[in-house]
Amino acid sequence: MSRRYDSRTTIFSPEGRLYQVEYAMEAIGNAGSAIGILAKDGVVLVGEKKVTSKLLQTSTSTEKMYKIDDHVACAVAGIMSDANILINTARVQAQRYTFMYQEPMPVEQLVQSLCDTKQGYTQFGGLRPFGVSFLFAGWDKNHGFQLYMSDPSGNYGGWKAAAVGANNQAAQSILKQDYKDDATREEVVQLAIKVLSKTMDSTSLTSEKLELAELYLTPSGSVKYHVHSPDSLTKLLAKHGVTQPAAESS
């Protein structure tokens, strides 16, 4: 039935569906997963890096985590080239706001303006939707720590814990069971690692296969975005018993 209606982004099917947008969501379903969890003292983002070949030189910069402004970061699932365009757009919007009003852009306003751009691509012929989903983590003086999820249709929502990408249904159900409202950042990191270890396609979790970033307030009151180094990740995984220390695994 879809065949007559799925060649254009702008044509609704009789059931009121936009198939091209749904296909974009399917593309994200095959990408490496990303998980975001809200803690009472910060936000934690964790992403699965897909290692496609042993010959591929591992990137020195992060693949899944991006800093948009001093107070906002995001995790990405989907087509990276599409994500880069949107991340650059978001960075410019955040800087324009700061330049105009001399204060950081409210997190939801930034997410909404980016989602307006995404929505435009579902409404005009000759364009295809962005095949990418974002998890935005941020802090502002109005609402404190926030976590938002957005998809190719331009929809977004605030979440306490969310998962996008491969096996996101399984990850979401574990998060539903184990998430606690008053969890600290350390507990949330443990939960994020546990969820990823249970939902990843590969059997063992190592520092090469994952990226972990935290957003929190420093004692001085400024927002700090911190991406864990591979060494720090290896220690964390061993501490939480998800992977064997190097000496034992040989």
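**Briefing: loops, strands and pockets of a predicted model**

Gln102 is placed in the loop between helix 2 and helix 3 (107–120), where helices (H or I, at least four residues) and strands (E, at least two) are DSSP runs, numbered from the N terminus. This is a predicted model, in which local features need pLDDT of at least 70, side-chain atom pairs count only at pLDDT 80 or more, and totals for chains, interfaces and linings use all residues. Residues are numbered from 1 along each chain as its sequence is written, and side-chain values use heavy atoms, with hydrogens and water left out.

**Confidence**

- The mean pLDDT of the chain is 89, and 94% of its residues reach 70 or more; pLDDT is the predictor's confidence in each residue, from 0 to 100.
- Over residues 245–250 pLDDT stays under 50, and the model has 2 contacts beyond four places in sequence for this stretch, a contact meaning heavy atoms within 4.5 Å.
- Where pLDDT is low, the predicted coordinates should not be read in detail.

**Residues with positive phi**

- Gln102 has a positive phi of about 60° although it is not a glycine, and Gln102 is exposed, with a relative accessible area of 65%; here buried means under 20% relative accessible area, exposed over 50%, and partly exposed in between (1.4 Å probe, protein chains only).
- Asn167, which lies in the loop between strand 8 and helix 4, is not a glycine either and has a positive phi near 55°.
- Asn167 counts as partly exposed because its relative accessibility is 32%.

- Strand 1 (residues 34–39) is mostly covered, with 6 of its 6 residues buried.
- In a regular strand the side chains alternate between the two faces of the sheet.
- On one side of strand 1 Ala34, Gly36 and Leu38 are buried, and on the other Ile35, Ile37 and Ala39 are buried, so that both faces are covered.
- Strand 1 and strand 2 (residues 42–48) run antiparallel and are joined by 6 bridges, where two strands pair if DSSP finds at least two bridges between them.
- These two strands, strand 1 and strand 2, form a hairpin with 2 residues between them, and Ile35 has Val46 of strand 2 as its bridge partner.
- Strand 1 also pairs with strand 8 in the antiparallel sense over 4 bridges, and the bridge partner of Ala34 in strand 8 is Val164.

- Strand 3 (residues 65–69) is mostly covered, 4 of its 5 residues being buried.
- Strand 3 is joined to strand 4 by 4 bridges, and the two run antiparallel; they form a hairpin with 2 residues between them, in which Asp69 has Val72 of strand 4 as its bridge partner.
- In helix 1 the buried residues are Tyr19, Val21, Ala24 and Ile28, and what covers them includes strand 4 and strand 5 (132–140).
- Leu217 belongs to strand 9 (residues 210–217) and, at 32% relative accessibility, counts as partly exposed.
- Not counting residues up to four places away in sequence, Leu217 touches Trp139, Phe145, Ser222 and Val223.
- Leu217 and Gly144 are 73 residues apart in sequence, and their C-alpha atoms are 10.0 Å apart in space.

**Pockets**

- On a 1 Å grid over the protein atoms alone, a cavity is a set of points where a 1.4 Å probe fits but cannot get out, whereas a pocket is an open set with protein on both sides within 12 Å along at least five of seven lines, and lining residues have an atom within 4 Å of a point.
- The largest pocket holds about 450 Å³ of space, a volume being the space filled by probe spheres set on the points, with grid points joined across faces, edges and corners.
- The largest pocket is lined by 25 residues, of which Lys49, Lys50, Val51, Thr52 and Glu63 lie nearest its centre.
- Strand 4 (72–78) and helix 2 (80–101) each supply at least two residues of this lining, and strand 4 gives the largest share, 3 residues.
- By class, the lining of the largest pocket has 7 nonpolar, 10 polar and 8 charged residues; Ala, Val, Leu, Ile, Met, Phe, Trp, Tyr, Cys and Pro count as nonpolar, Asp, Glu, Lys and Arg as charged, and the others, Gly among them, as polar.
- The second largest pocket holds about 310 Å³ of space, and of the 17 residues that line it, Met149, Asp151, Ala163, Val164 and Asn168 are the closest to its centre.
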